[in-house]
2 protein chains.
Amino acid sequence: MVRKTKEDAEITRQLIIDAARETFFVRGVSRTPMETIAEKAGVTRGAIYWHFRNKTDLFQAMREQVFLPLIDRMDGILLVESEDDPLSCIERFFTSTIQVLNDDLKTRRTYEVMMTRCEYVDEFAEVLRLILSNCSGFVEKIELVYKRAQDKGQLRPGDDPAALAMDSHFFFTGLLHMWVKDVEDGNIRKNAIQAIKAHIALRRR
Amino acid sequence: MVRKTKEDAEITRQLIIDAARETFFVRGVSRTPMETIAEKAGVTRGAIYWHFRNKTDLFQAMREQVFLPLIDRMDGILLVESEDDPLSCIERFFTSTIQVLNDDLKTRRTYEVMMTRCEYVDEFAEVLRLILSNCSGFVEKIELVYKRAQDKGQLRPGDDPAALAMDSHFFFTGLLHMWVKDVEDGNIRKNAIQAIKAHIALRRR
DNA sequence: TGGTTTACATACATTCATGTTTGTTTATAA
DNA sequence: TTATAAACAAACATGAATGTATGTAAACCA
């Protein structure tokens, strides 16, 4: 291989990210040598070090590729003012996230890598902080939707939107973790949608 | 140092496990060289390889030391037949688990290592499976308690014990994850007990 | 059309971690 | 009381993995 056009270079970059994701998944991030990623991508380490500063940089690129669109999607579903069934809004968001995980291999693998194949120390500790702050935003948005649901009289009397939001956040965090880790049995993956329905039903008046 | 008695050897073994836990926490499991653990424990690698086959073996020892008693505690709290307030039973179990995490550094560090400083591949993949199967048992036990609560008329009419159990499982899994990861802000750690209360209140008639 | 830069491949230097083997001392059991 | 084995320390051998430096050919621009 030799010199390519700008578009070719972009393809190479993408090949490297794809190879990294798969190899991270199989061997874990820290146990994955750059050499292995390079082989899988059909390039040499030189190519990787041209496109990325180091493994952390490559990891970040892989991560952002699925997380940025996911955050956009969240806002798209949750923050629609013109909605007269806010509770279903939340349900739809949860359900569709699971759907994406189920249908899109890239997204699923990225989640799998981030949740079970990565050690959050040193340079990676910052990633954890990023995710955490992201969660805060998530809770706030959900709380807003629950408030709208309350205004529309959807909630049971006495239920506090803030408490419901926290509860839903923990629920969904747990569901995601178990869903991703449930590779063998498949029991959770089968019942995830139903569990979401039940979770929301618990709130409905 | 030279030859010790059986009790001295046991002390050394414990020193190694303690050192491993702390070092795993600081540097991550795979980025922790045996040498570093040895230094921290005040021994040489020779001592570690005498007590443990390799790093995985050492990791397992660390893990079992806090997990086995924790499972016993779960049974102890959840499976008391002579209880006329099953819902509070579950609440107490959740609350006390958080309390243990909060008060006992060894347990907390072990959880931190297992949730954010370990890559579950190869030999470690089995650990994940172990945890998963453990969770199944957990859900079953909770479901049993919810059934007892239903019999005593504690639940809202129409609520299904199995669905409630799943929901609680996800809730607690998520709470644990966020609690452990919430090192900087401390917001979740402050409100955990309250969130548990709210979660159970959502079920009470 | 020739120089410059891009997009890599190749080669190099260095560091580090693991597992094993051998050596040493002492508790312990026969 | 002495041989054995436990509980390590120290030395050895080996194999990676990383980052950088250098080489190179083609695209691109003047």
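How many residues does the contact take from chain A and from chain B? It takes 42 residues from chain A and 42 residues from chain B. The model shown in these views is predicted.

**View 1. The interface between chain A and chain B.** About 3,600 Å² is buried between the two chains, and carbon and sulfur atoms give 64% of that area. In chain A, Glu119(A), Phe170(A) and Leu202(A) lose the most area to chain B. Together they make up 19% of what that side buries. Six salt bridges are counted between chain A and chain B. One of them joins Arg31(B) to Asp122(A), with the closest N and O atoms 3.3 Å apart.

**View 2. The relation between the two copies.**

**View 3. Helix H9 of chain B.** H9(B) covers residues 187-201, 15 residues in all. At 1.5 Å a residue it should span 21 Å, and its end C-alpha atoms are 21 Å apart, which agrees. H9(B) bends by about 40° at Ile193(B). Its buried residues are Ile188(B), Ala192(B), Ala195(B), Ile196(B), His199(B) and Ile200(B). They pack against helices H5, H7 and H8 of chain B, and also against helix H8 of chain A.

View 4. The side chains of Asp167(B) and Arg203(B) meet in a salt bridge, 2.8 Å from N to O. This pair links distant parts of the chain: Asp167(B) is in helix H8, Arg203(B) is in the segment after H9, and 36 residues separate them. Asp167(B) is buried, with a relative accessible area of 5%. Arg203(B) also counts as buried, at 0%.

View 5. Arg21(A) pairs with Asp18(A) in a salt bridge, the closest N and O atoms being 2.5 Å apart. Both residues lie in H1 (residues 6-27), three residues apart, about one turn of the helix. Arg21(A) counts as buried at 3% relative accessibility, whereas Asp18(A) counts as partly exposed at 26%.

**View 6. A salt-bridge network in chain A.** Salt bridges link Glu22(A), Arg109(A), Glu112(A) and Arg189(A) in a network. Over all chains, the whole structure holds 26 salt bridges.

Methods
Residues numbered from 1 in each chain as written. Chains lettered and ligands numbered in written order. Predicted model: local features only at pLDDT ≥ 70, side-chain atom pairs only at ≥ 80, totals over all residues. Heavy atoms only, no water. Helix = DSSP H or I, 4+ residues; strand = E, 2+ residues; numbered from the N terminus. Expected span 1.5 Å × (residues − 1). Bend = angle between axes of the 7 residues up to and from the residue. Buried < 20%, exposed > 50% of the residue type's maximum accessible area, 1.4 Å probe, protein only. Contact = heavy atoms within 4.5 Å. Buried area = accessible area lost by both parts, 1.4 Å probe. Salt bridge = Lys/Arg side-chain N within 4 Å of Asp/Glu carboxyl O.
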